[in-house]
Amino acid sequence: MTEKNSSSSTIPTYSRNELRELVRSQLQALLEQSDLKGAKAILVPVQPPDIAEAIEGLPETMQVIAFRLLSKDEAIEVYEHLDSSVQQALCEEFKRQEVLDIVDKMSPDDRARLFDELPATVVRRLLAQLSPAERQATALLLGYEANTAGRIMTPKYISLKESLTITETLERIRTLAPTTETIYYLYVTDAARRLTGILTLGDLVTSPLDKTIGEIMTRDLVSVQTDTDQEEVARLIQRYDFLAVPVVDSEQRLVGIITVDDVIDILEEETTEDIYALGGLQSGGDNYFQTDLFTVARKRVVWLFVLLLTNTVTGTIIRSQEDILQQVVVLAAFIPLLTGTGGNVGAQSSTVVIRGLNTDEIRAMGPMQVILREGMAGALLGSILGLVATVWAYVLQGNLPVAVAVGTSLLAIAILASVAGSALPFLFRSLGLDPALMSAPFITTAVDVLGVLIYFGTARLILQI
């Protein structure tokens with residue numbers, strides 16, 4: 001009796017990122033070989049967002065070629081997912097009619113976002129050649145201020161009258177569904193287009209066919225105004241787990257809806273802005289890694305100059321303490337430790353406060369309570385770090401008075417950094433400035449300058465110099 005060897009083949013599995021990179025690399029290889037048929041075939045099973053990311057990763061000369069391989073309907077959907085800089089580049093490469101065909105079929109909110117990035121002359125030309133309905137929808141959105149609910153809403157929704165029966169409503173949905181952003185939420189308006197109620201598709205299909213919309217709709221509804229800030233809209237949808245929220249004007253007339261996919265884009269955009277701001281630069285809404293180096297340098301150099309001047313002031317203070325440094329040279333060795341630790345403590349406090357301001361988590365506490373809490377946290381952190389620093393300084397230098405001066409200074413600097421880190425965001429917000437952008441350099445300034453003064457003052461007191 002012989003034993004047979006059994007072998008099993010395994011199909012490789014890829015993560016989402018690996019799959020996207022695989023599509024991009026294979027697409028680029030096929031385009032380099034001028035195998036357009038193979039390149040087109042590889043895109044067939046790929047989802048539009050992944051196709052968009054693959055195209056963005058291609059060299060600029062290949063992006064247009066890859067995009068032209070898509071069918072018209074697929075091209076419109078992929079175009080909406082592309083970065084604005086790639087959209088603009090493709091606009092410049094396409095023939096005029098190709099651009100119009102794509103832009104005319106885009107959803108109004110995505111089209112308005114694209115027009116925000118394009119030169120005014122190009123926008124005017126495209127607007128003039130859109131179909132009347134799409135031109136009106138886009139002009140409506142462009143009439144509202146940037147970053148407001150009116151600017152990001154879509155006017156493509158289904159509105160109903162209370163007198164309609166379930167049967168009539170289902171027929172209306174079948175007719176309008178292909179041109180509507182979502183059919184899960186249905187909005188009820190009166191003769192003056194004022195929003196009076198809302199119902200879901202689930203409410204509709206589970207109700208008797210002879211009932212009217214007015215009998216099953218919900219009159220207790222949540223809406224936003226056209227001038228509501230987009231961050232507030234995002235928080236509202238997040239709080240209530242909505243898939244969409246209606247937008248009304250000052251007279252409570254329904255003018256559009258904002259869907260959850262738009263909110264995801266908003267949250268990503270706002271988070272990116274806050275992260276850039278905490279690093280001391282302004283993004284301006286552009287893709288940082290697709291921006292030319294001169295623009296990158298211009299965005300980053302402002303606060304670097306501020307910090308350069310700050311370090312100059314700190315150096316001046318250190319030079320003014322030459323008498324104590326000549327007598328106890330070892331004091332200079334701990335300056336970076338103290339200012340660096342203080343800066344880190346201050347950055348932590350400012351980060352949690354800025355995050356709390358953005359998410360409304362600290363609304364109930366009030367500024368003074370938040371600052372007091374962070375000051376106490378700084379005192380606790382300073383006590384722990386100060387004790388460790390005292391022991392470490394004594395081990396390194398064997399000088400107990402210097403070690404005590406380092407530990408005591410670290411306690412005071414930690415309290416100062418926590419209070420400054422929590423207070424400055426509130427101060428800048430009250431002045432109408434961006435807390436995230438302004439806090440980091442000012443915290444660094446306060447900790448560096450005052451921290452050095454505290455350190456040398458404490459050292460003089462303890463060492464009796």
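Biologist: Is tyrosine 455 buried or exposed?

Modeller: Tyrosine 455 is buried, at a relative accessible area of 2%. Buried means under 20% relative accessible area, exposed over 50%, partly exposed in between, with a 1.4 Å probe and protein chains only. This is a predicted model, where local features need pLDDT of at least 70, side-chain atom pairs count only at pLDDT 80 or more, and totals for chains, interfaces and linings use all residues. Residues are numbered from 1 along each chain as its sequence is written, and side-chain values use heavy atoms, leaving out hydrogens and water.

Biologist: How many aromatic pairs are there?

Modeller: Five. Rings of Phe, Tyr and Trp (its six-membered ring) pair if their centres lie within 6.5 Å; planes under 30 degrees apart count as stacked, over 60 as edge-to-face and the rest as tilted. The rings of tyrosine 157 and tyrosine 187 have centres 6.5 Å apart and planes at 90 degrees, so that pair is edge-to-face.

Biologist: And what about the rings of tyrosine 455 and phenylalanine 456?

Modeller: Their centres are 5.5 Å apart and their planes at 40 degrees, so the pair is tilted. Phenylalanine 456 counts as buried, at 2% relative accessibility.

Biologist: Back to tyrosine 187: buried or exposed?

Modeller: Buried, at 0% relative accessibility.

Biologist: New topic. What does tyrosine 79 touch?

Modeller: Leaving out residues up to four places away in sequence, tyrosine 79 touches Phe67, Gln87, Leu90, Cys91, Ile102, Met106 and Leu114. Contact means heavy atoms within 4.5 Å.
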